[in-house]
Structure formats: C-alpha cells, structure tokens
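Okay, thanks everyone for coming.

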Amino acid sequence: MDSAAAANATAAPMQLPQVDTWSTLLTTLGYLSLLLGVIFLAYWLLRRLGVSGMGVQGGSGAPRLVSRLMLGQHQSVVVVRHRGRDFLLGVTEHGITPLAEDETDEGAEADVGRPASSFASLLKRSVGR
C-alpha cells in the first residue's frame, strides 16, 4: 500500500493557491501612491515651514548670486551680494579668490528680484577703484 500511495502522490499535481493579479496590482499601486503622497506632503510641509536645503536660499542675511560670467569650462567671475556688500569673486575648480568688494546701493538692495546693474558695470566699478 505504501507504493500505491506514493504513486498516487506523484501522479496528482500539487494545487497552488489562486492569485488575483488585478487585486494584487491595485493594492501595490495603492501603497505606492500612498507612499508618494506622504513624501510630497513632507516636502511641502518642510518648504512651508521654511526649512530649505535646496541650493543657496534663505532670508535677507543669506548670500545671493547677483551675476556670473563664464570665462572657460571651469572658470568664472561672479558677483555675490551679502549683507549690503557686493563681492567680486574668481571661481575655478581649485578654489575661490576674492577680487574686489563694494558697498551696495540702497536702491539696489530693495530690488531683490533683479540685479542692480549689469555685470559689466559692476566689474568696471569694482576694478576701477
């Protein structure tokens, strides 16, 4: 009888549980959208509360890039405004060199969205000293 039971067990295929692929797919998409929603909500809350780790941003005391002139592939001259002063900096892949410093005009400081003057005029004014 033992050999008959063994032959019967090998002859009958094993039944696997039925899986509803649409239900599984919808559940997976639901969890994925929930996770993405939580990530975007956390990002929105951090931005709303003023936590900024993306780039050079910040309040009135944070340095702000006014203008940049590319001189080569890895060389440039930039004007950075910080605490009412304009700094002319030479930037290379090896370091940053201060070239000149100038007081910012009061009217230019109030107009935060747009540079006070062109890069060429800032450069002439800084170098002409």
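This is a predicted model: local features need pLDDT of at least 70, side-chain atom pairs count only at pLDDT 80 or more; totals for chains, interfaces and linings use all residues.

I'll start with the strands, then move to a helix.

Let's begin with strand β2, residues 76–82. Is β2 mostly covered or mostly open? Mostly covered: of its seven residues, six are buried.

And β2 has partners. Strand β1, residues 64–70, runs antiparallel to β2, and six bridges join the two. If you want a place to look, find Arg68, whose bridge partner in β2 is Val78. Five residues sit between β1 and β2, and the two strands form a hairpin.

Now strand β3, residues 85–91. How many bridges pair β2 with β3? Seven, again in the antiparallel sense. Here you can pick out Val77, which has Gly90 as its bridge partner in β3. β2 and β3 make a hairpin too, with two residues between them.

Is Arg83 buried or exposed? Its relative accessible area is 69%, and exposed means over 50%, so Arg83 counts as exposed.

Last stop, helix α2, residues 21–48. That's 28 residues, spanning 40 Å from the first C-alpha to the last, close to the 40 Å you'd expect at 1.5 Å a residue. After α2 comes Gly50, which has a positive phi as well, near 95°.

Methods:
Residues are numbered from 1 along each chain as its sequence is written. Side-chain values use heavy atoms; hydrogens and water are left out. Buried means under 20% relative accessible area, exposed over 50%, partly exposed in between (1.4 Å probe, protein chains only). Helices (H or I, at least four residues) and strands (E, at least two) are DSSP runs, numbered from the N terminus. Two strands pair if DSSP finds at least two bridges between them. The expected span of a helix is 1.5 Å times one less than its number of residues.
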